Amino acid sequence: MPTTRETILAALHARLSALPSTALRGEVLPERIPAEGLLILRDGEPGEPEVTLSPLAYHYQHRAEIEAIVQGADRDAAFDTLCASVGTAIAADRTPGGICDWVEAEAPRPVDLPVEGAASLKAAVIPIVLHYSTADPLG
């Protein structure tokens, strides 16, 4: 049976996979960026939980990351569309079917990355905060 953390991350990846861009999880940056853009979900860190004792519960503010990458002539507009689609997907259900208390995205910090012999990339890390509780830090 998957852990609470894995269930939430898998649900987030499934939501990203429904977007028109390519969505990967924990993969290295491929050699070619799809025309519709690329999203790579990084599992991130659960951080130090707050603990309640009766009943015992660990309350996490897990910080995952989504790398958003586009390439091409109209990369500014494509990047904006890609980031907006991530925001819309998250806002559609902030509790992914009730398995998470709250999912929240933070603003990306875009950068242009030159690529020798090809159009430059526009990329950013979008921090995602996952608020959830579990009875066991390993469960």
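Modeller: Happy to! A salt bridge here is a side-chain nitrogen of Lys or Arg within 4 Å of a carboxyl oxygen of Asp or Glu. Helices (H or I, at least four residues) and strands (E, at least two) are DSSP runs, numbered from the N terminus.

Before going on, a word on what you are looking at. This is a predicted model, in which local features need pLDDT of at least 70 and side-chain atom pairs count only at pLDDT 80 or more, while totals for chains, interfaces and linings use all residues. Residues are numbered from 1 along each chain as its sequence is written, and side-chain values use heavy atoms, leaving out hydrogens and water. The pLDDT is the predictor's confidence in each residue, from 0 to 100. The chain averages 94, and 100% of the residues score at least 70.

Back to our pair: which partner is buried? Lys122 is, with a relative accessible area of 14%, whereas Asp76 counts as partly exposed at 47%. Buried means under 20% relative accessible area, exposed over 50%, and partly exposed in between (1.4 Å probe, protein chains only).

Arg63 forms one with Glu106, their closest N and O atoms being 2.9 Å apart. Arg63 lies in strand β4 and Glu106 in the loop between β5 and β6, so this pair ties together parts that are 43 residues apart in sequence. Arg63 is partly exposed at 39%, and Glu106 is partly exposed at 33%.

Another salt bridge joins the side chains of Arg15 and Asp93, at 3.7 Å from N to O. Because Arg15 lies in helix α1 and Asp93 in the loop between α2 and β5, parts 78 residues apart in sequence are tied together.

Helix α1 (residues 4–17) has 14 residues and reaches 20 Å from its first C-alpha to its last, close to the 20 Å expected at 1.5 Å a residue; the expected span is 1.5 Å times one less than the number of residues. Its buried residues are Ile8, Leu9, Leu12 and Leu16. They cover an arc of only 95° around the axis, which puts them on the same side of α1. That arc is the one made by the directions from the helix axis to the C-beta atoms. What covers these buried residues includes β1, β2, β4, α2 and β7.

His131 and His62 are 69 residues apart in sequence and 6.4 Å apart in space, C-alpha to C-alpha. Leaving aside neighbours within four places in sequence, His131 is in contact (heavy atoms within 4.5 Å) with residues including Tyr60, Cys100 and Trp102.

Finally, step back to the whole chain. It has two helices and seven strands, which run α-β-β-β-β-α-β-β-β from the N terminus on.
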